[in-house]
Amino acid sequence: MTAVLFAIAVVPSAAAMHGNTLPGDDLLFASAVFRATHNSYSGDTDGAKGSVTSQLDHGVRFLEFDIHDNGYATAADYAVGHSSPGDLVDHIGNPASNNLRPWLLTVAAWSAAHPDHAPLLVMLDIKDDLTDNTSYAAGNLAALNKELSDAFGARLVLSKDVPGALGTIGSLRGRIITLLSGHAGTRSGYKADSGANPSVAINARGQVVEVHDSGAGALWYWSGTYGTDGRVTWLRHGRYDSGTTPAVALNDNGFLVEVHKSQSASTLWYHVGQVTADGDIAWSPSHQYDTGILPSIAFVNPTSNTLKEIHRSQSQNQNWFWDATLNTSAGTVAWNSATHATTSDPRFPTNVSVSGTKRVTVSTGADGPAPASTLHYTTDRIGSTRIRYQQVAFVEFQAGDNALLEQGAIFYASTASNKSFITSSRSADKVVRGWDFDDASLATTPLANYPATNLPYTSWYATLVTAAGAVQ
């Protein structure tokens, strides 16, 4: 199979800046072998690995951190540990805290001090379901993205910038790659989101808000920005209420009004919100304003606070309208009962929004192995694209995973004893990890790119990886 290469925005290594090359620089990343440890945080508590810094000093270029979201709301961080936070964590020579952030910063500091190192992969084995973290503040995947970006900065290789295979070792020296492993539902949720009845709004600032229901009574939002390339960067995601068939309007000052029907009754409710400086939404409480179904709403003038809402009667095929005024300071809407009446006007379109030349349309539909409920958007400049988290990290495909996780995956993994999976994946030009690689008899031809061991300093392991030309 021929690898598809790409150009990364490179942070030049010291060697590159002086026109020098290092051993292995011309080797394709997918062909390279690297020293790798399993449960790297466990040091000598489980196996004989030493501290993370010691592992890096001895040529290890793959580190694994198992993480949990227990206590995120209090610590504003994930916790390192095997079966629970702190489990099997060796603090000798390592950060004293179980919080993930200091461990990532330890790796970042080592990388900065060794700018010529071979690409360093940091894998997060996610032990808990992060999809039930209903906001950034609760530790959803947007928060994890931010933590990785903050820790590694310009050295980070972003998955979104990689349309095919990674390039050569030389092009990646000094860079850090992050990889999501572990909880399959969380990994799938990073690659695609699902829902029903999506609605969208865009304003002159390029702020974009999408709302949808889950199909089972939960209301969720995405917020983002429309870029110069016509793509939307989705910044925040969260659950804001219960209900169905939501619709949203957004004015040019960043204030929004959302309307929806109750899940179990024909009552209509609204929320006021404001897009915050970090791209999230500050929501006001919900209020009932009428009865009916299929609500729709629009600002009469995008620079003002005047609104019009049109919905259908729950008992007959008749539309009704409201004139309304947004009170931004109170976070409420004043509904004008004096003009409230039936109308022959159609409901406002809910799945498309236009501001100047910018247009965003949202929909659901199958996308390869992704289900028919997968959320998509198009703009005036790009075709159908998934609504999902920024693809900062890569996502690992493991033996037995679903087709969505396999789609487009570069990194594959299995236990080291699954030799047929390792060899077939390597033959397909995948980058393969074999974990619990703790005996020479587990070696394959070719060797896994990342033979992840608990015993990195044993002579048999050194012999194997040296013979395979491990780069560092």
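I am working from a predicted model, in which local features need pLDDT of at least 70 and side-chain atom pairs count only at pLDDT 80 or more, while totals for chains, interfaces and linings use all residues. Residues are numbered from 1 along each chain as its sequence is written, and side-chain values use heavy atoms, with hydrogens and water left out.

Entry 1. I searched the whole structure and found 13 salt bridges, each being a side-chain nitrogen of Lys or Arg within 4 Å of a carboxyl oxygen of Asp or Glu.

Entry 2. I looked up Asp125, which is buried at 13% relative accessibility and forms a salt bridge with Lys127, their closest N and O atoms lying 3.5 Å apart. Lys127 is partly exposed at 32%, and a network of salt bridges links Asp66, Asp125 and Lys127.

Entry 3. I then turned to Asp150 and Lys146, whose salt bridge has its closest N and O atoms 2.8 Å apart. Both sit in helix H5 (residues 141–152), four residues apart, so about one helical turn separates them; helices here are DSSP runs of H or I with at least four residues, strands runs of E with at least two, numbered from the N terminus. Asp150 is exposed at 52%, and Lys146 is partly exposed at 36%.

Entry 4. Last, I noted the salt bridge between Lys308 and Asp345, with closest N and O atoms 3.5 Å apart. This pair links distant parts of the chain, 37 residues apart: Lys308 is in strand E17 (residues 306–312), and Asp345 is in the loop between strand E19 (332–343) and strand E20 (352–355). Lys308 is partly exposed at 22%, as is Asp345 at 34%.

Conventions. Buried means under 20% relative accessible area, exposed over 50%, partly exposed in between (1.4 Å probe, protein chains only).
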